[in-house]
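This briefing is for a reader who is meeting the structure for the first time. Look over the sequence and the model before reading the points that follow.

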Amino acid sequence: MTSPKSEASFYDNPVIPGFHPDPSVCRVGDDYYLVCSSFEYFPGVPIFHSPDLVNWRQIGNVLDRPSQLPLPADAMASDGIYAPTIRHHDGRFWMITTNVSHGGNFVVTAERPEGPWSEPVWIDLPGIDPDLVWDDDGNCWSAFAGAHGPAFDGVQIARVDPEAGKVLEGPFPAWAGTGLQWPEAPHLYRIGEWWYLMIAEGGTERGHAVTMARAPSPRGPWESAPGNPILSHRSTSHPIQSTGHADLVTTPDGEWWMVLLATRPVGYSPKFHVLGRETFLTPVRWEDGWPRVGPVRLREQAPGGARTVEVAPQRDDFDSAGLAPWWISPRSRPDGSWSLVERPGWLALHATGSTLDEPGCTFLGRRQQHPESRTAVLLDHVAGRAGLTVRLDEGHHYDLEVADGQATVIARIGPLRTSVATRAVVPGPVTLVITTRSARKWSEEEERRAGLHVAAPDYIAFHIGEDPEPLAELDGRYLSTEVATGFTGRVIGMYVTEGTAWFDWFDHGPLDDGPPDDAERS
Ligand code: 6LW
């Protein structure tokens with residue numbers, strides 16, 4: 001149910017919060033479609049629809065069959081599917097991306113954006129971040145980030161047949177950027193008399209930048225934009241950082257917009273980010289034949305025609321025939337490890353023998369989408385070991401686990417695994433709650449007694465039922481990309497490592513009670 005539509009004059013960034021990096025967007029008539037990287041998670045390449053570039057709804061996943069997403073059981077965290085490109089041409093949707101764990105670059109197509117998408121057509125292009133664009137003669141060109149190294153550290157271009165997966169010409173070196181490290185994320189656009197090549201360089205962390213060149217043809221010669229980088233927040237104190245990996249789109253009225261990845265670091269020096277790289281939107285204006293962009297703002301003037309709509313409820317009662325598209329699992333979701341029919345209205349998860357510390361554990365989760373969030377589940381289990389966890393990967397997760405009639409908070413940080421707190425609970429259905437909060441500070445009295453300033457810029461609290469007193473509170477820093485490294489972001493989900501567990505509902509949304517003030521806690 002959404003509220004009556006009203007003209008939105010502003011929108012808030014990120015437009016797709018949570019770990020949704022490397023966005024690529026296209027428009028078909030009045031509708032926009034956007035895809036993101038998904039790495040080791042299955043299903044892969046989430047696809048979103050928007051009527052206005054501001055309000056996005058996930059309509060499925062492009063790679064929703066194991067045959068489209070072969071991932072070795074031991075695929076490393078943050079491997080798998082890197083950056084995708086989505087385009088619409090000749091009445092079809094085209095998506096090209098890279099499976100760095102199996103096979104490399106491939107293309108899938110679909111008549112409708114929600115699918116079904118085709119089986120992969122593998123294409124013998126090296127490198128990552130492949131793009132697709134067609135010229136007026138029907139030739140298809142693909143720019144991609146060449147394998148970094150002495151041969152050519154930059155973007156290459158090839159003329160391809162994406163239907164057959166053939167390389168028809170090239171690849172040949174195109175442009176190596178302005179000299180920053182890691183030239184990647186290329187997108188080619190035919191605009192007026194020019195071919196524009198937009199890339200990211202500087203690396204996907206704080207040095208990230210968007211740069212651009214143009215040429216009379218995809219074969220070059222490439223002229224670097226006089227104002228490069230056309231966008232970067234590097235070396236600024238801006239609350240939005242790592243701006244890069246962008247794609248351009250026009251509205252039906254001819255406005256130019258850019259989607260890009262960026263992060264929202266928290267804390268002090270050094271800052272850290274926990275939601276991964278998120279999808280942001282920013283306006284583009286053209287001056288003297290080159291785009292001018294940024295700075296990217298947390299609140300921005302909306303595109304013409306944007307509407308204010310209610311955010312869809314984030315609670316899942318598991319009373320549908322299938323799983324909602326935002327549910328993801330690392331590497332695979334084996335048949336038999338989950339069911340929505342064994343106990344109508346309940347999700348059943350069956351252990352596979354693996355634990356959260358290794359690939360193969362039965363886990364179903366969704367991206368954490370709010371810096372301050374509350375996630376709750378109702379768990380019923382007769383015997384076994386199950387719970388709710390917030391994870392970055394097998395080496396970095398905090399678990400609220402129920403087994404043998406007790407609830408235990410467990411912290412796994414790299415090689416260290418610690419049971420933090422335990423409390424007996426009544427066997428039978430129990431509500432597990434994980435909240436992520438910011439700016440947990442000691443009281444002045446606590447700081448005075450300890451003689452030092454202490455703060456947890458991001459922390460995670462674990463509650464049983466509606467107990468206001470947490471079973472434990474853990475520092476969120478250890479579940480950040482700066483600690484875990486990698487390309488993903490926090491995912492919060494249900495798991496079982498012994499026996500079977502039933503979950504009646506799962507609710508994830510912004511924390512509505514705000515961070516507890518010290519008075520509540522002292
Ligand atoms: C992606 C590359 C990058 O392929 O990191 O931010 C890789 N840039 O373009 C994974 O996201």
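Gly 405 sits in the loop that runs between strand S33 (396-403) and strand S34 (406-413). The model is predicted. The protein is divided into two parts, domain 1 (30-234) and domain 2 (315-510).

**Gly 405**

- Not counting residues up to four places away in sequence, Gly 405 touches Ala 424 and Val 425.
- Gly 405 and Pro 14 are 391 residues apart along the chain, and 41 Å separate their C-alpha atoms.

**The two domains**

- Taken over C-alpha atoms, the centres of domain 1 and domain 2 are 34 Å apart.
- The contact between them involves 22 residues of domain 1 and 20 residues of domain 2.
- Between them the two domains bury about 1,500 Å², and 57% of this lies on carbon and sulfur atoms.
- On the domain 1 side, the residues that lose the most area to domain 2 are Tyr 41, Phe 42 and Gln 58, which together account for 38% of what that side buries.

**Nonpolar cores**

- The largest nonpolar core consists of 39 residues, and Leu 347, Leu 432, Phe 462, Met 494 and Phe 503 have the most contacts inside it.
- Strand S39 (residues 491-510) supplies the largest share of this core, 6 residues.
- Another core, of 20 residues, lies apart from it; among its members are Tyr 196, Ile 240, Ala 246 and Leu 260.
- Leu 432 touches residues including Thr 375, Ala 376, Val 377, Leu 379, Leu 400, Val 402 and Ile 464, with residues up to four places away in sequence not counted.
- Gly 387, Leu 388 and His 463 are also among the residues that Leu 432 touches.

**Positions annotated as active site**

- The unreviewed UniProt entry places the feature "active site" at Asp 22 and Glu 184.
- These positions are spread over 163 residues of sequence, yet they cluster in space, with a largest C-alpha distance of 10.8 Å.
- Asp 22 belongs to the loop between strand S2 (10-12) and strand S3 (24-28).
- Is Asp 22 buried or exposed? Asp 22 counts as buried because its relative accessibility is 6%, under the 20% cut-off.
- The side chains of Asp 22 and Ser 37 make a polar contact at 2.5 Å.
- Besides Ser 37, Asp 22 touches Val 35, Cys 36, Phe 39, Ala 83, Pro 84, His 245, Leu 261 and Arg 277, leaving out residues up to four places away in sequence.
- Glu 184 is part of strand S16 (residues 184-191).
- With a relative accessible area of 13%, Glu 184 is buried.

**Thr 389**

- Thr 389 is found in strand S32 (residues 384-393), and its relative accessible area of 0% makes it buried.
- Which side chain does the side chain of Thr 389 join in a polar contact of 2.6 Å? The partner is the side chain of Asp 399.
- The side chain of Thr 389 also reaches the backbone oxygen of Tyr 398, at 3.1 Å.
- With neighbours within four places in sequence left aside, the contacts of Thr 389 include Leu 356, Phe 363, His 397 and Ile 434.
- Val 491, Ile 492, Gly 493 and Tyr 495 are also in contact with Thr 389.

**Backbone features**

- Gly 115 and Pro 116 are joined by a cis peptide bond, with omega about 5 degrees.
- Pro 116 is placed in the loop between strand S10 (104-110) and strand S11 (121-122).
- Ser 269 and Pro 270 are joined by a cis peptide bond, with omega about 5 degrees.
- Pro 270 is placed in the loop between strand S21 (256-263) and strand S22 (278-287).
- Val 45 is not a glycine, although its phi is positive, at about 55 degrees.
- Val 45 lies in strand S6 (residues 44-50) and counts as buried at 0% relative accessibility.
- His 245 is a residue other than glycine with a positive phi, near 50 degrees.
- His 245 lies in strand S20 (residues 241-250) and counts as buried at 5% relative accessibility.
- His 245 is also one of the residues that Asp 22 touches.

Technical notes
Residues are numbered from 1 along each chain as its sequence is written. This is a predicted model: local features need pLDDT of at least 70, side-chain atom pairs count only at pLDDT 80 or more; totals for chains, interfaces and linings use all residues. Side-chain values use heavy atoms; hydrogens and water are left out. A nonpolar core is a set of buried Ala, Val, Leu, Ile, Met, Phe, Trp, Tyr and Cys residues joined through side-chain atoms within 4.5 Å. Buried means under 20% relative accessible area, exposed over 50%, partly exposed in between (1.4 Å probe, protein chains only). Helices (H or I, at least four residues) and strands (E, at least two) are DSSP runs, numbered from the N terminus. Contact means heavy atoms within 4.5 Å. UniProt positions are given in the numbering used here, feature names are shortened, and annotations may be inferred rather than shown by experiment. A polar contact is a pair of N or O atoms within 3.5 Å; within protein, one must be able to donate a hydrogen and the other to accept it, and residues adjacent in sequence count only if both atoms are side-chain atoms. Domain bounds come from an automatic or database domain assignment. Buried area is the accessible area (1.4 Å probe) that two parts lose on being put together, summed over both.
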